[in-house]
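User: I have a model open and would like to go through a few of its residues with you. Could you start with how you assign the secondary structure?

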Amino acid sequence: MSLIHGYRSRGHLLSNTNPIRKRKDRKPFLQISDYDLHADDLNYQSQAGSELGLNQALVKDIITRLQTVYCGPIGFEYAYIEDRHRRNWLRNRIESRNNDQDFGLSIDQKKRILEKLNDAVYI
């Protein structure tokens, strides 16, 4: 559970959001050794996976899911949200999505979002 919480609060520090250069190492402490786990523990079946919808999953499968969700091309940072209901709603939406999901946006909507992001960079 500590590893899951670690990814939820600091996984965005490993996300690949900049296609130009690699992200600066912010020391997110998400290595298995940071949680007193070893390579032998990766094949251990854990009930903690149920927190992510992975019942009786191996530790390595839990880590793979966490890396897929929190360390991909979209970085999610939501631990600062004080309203627990809203924070949990967002977390559930994030963790239940597939990474190949396009959020149901049309090409025009995606272009508009890109324009707004580009405008924000040059302000």
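Analyst: Helices (H or I, at least four residues) and strands (E, at least two) are DSSP runs, numbered from the N terminus. This is a predicted model, in which local features need pLDDT of at least 70 and side-chain atom pairs count only at pLDDT 80 or more, while totals for chains, interfaces and linings use all residues. Residues are numbered from 1 along each chain as its sequence is written, and side-chain values use heavy atoms, with hydrogens and water left out.

User: OK, where does Glu 95 lie? And is Glu 95 buried or exposed?

Analyst: Glu 95 lies in helix α3, which covers residues 84–96. With a relative accessible area of 8%, Glu 95 is buried (buried means under 20% relative accessible area, exposed over 50%, and partly exposed in between, with a 1.4 Å probe and protein chains only).

User: Which side chains make a polar contact with the side chain of Glu 95?

Analyst: The side chain of Glu 95 makes one with the side chain of Arg 8 at 2.6 Å, and another with the side chain of Tyr 70, also at 2.6 Å. A polar contact here is a pair of N or O atoms within 3.5 Å; within protein, one must be able to donate a hydrogen and the other to accept it, and residues adjacent in sequence count only if both atoms are side-chain atoms.

User: What else is Glu 95 in contact with?

Analyst: Taking contact as heavy atoms within 4.5 Å, and leaving aside neighbours within four places in sequence, Glu 95 is in contact with Arg 8, Glu 51, Leu 52, Arg 65, Val 69, Tyr 70 and Tyr 78.

User: Switching to α2, which residues are buried there?

Analyst: In α2, the buried residues are Val 59, Ile 62, Ile 63, Leu 66, Val 69 and Tyr 70. They lie on the same side of α2, because they cover an arc of only 135° around the axis, the arc being that of the directions from the helix axis to the C-beta atoms.

User: And what do the buried residues of α2 pack against?

Analyst: They pack against α1 (2–10), β1 (45–46), β2 (57–58) and α3.

User: Last topic: what is the phi of Asp 36, and where is its place?

Analyst: Phi of Asp 36 is near 55°, a positive value in a residue other than glycine, and Asp 36 is in the loop between α1 and β1. Lys 27, which is not a glycine either, has a positive phi of about 50°, and Lys 27 is also found in the loop between α1 and β1. Most residues other than glycine have a negative phi.
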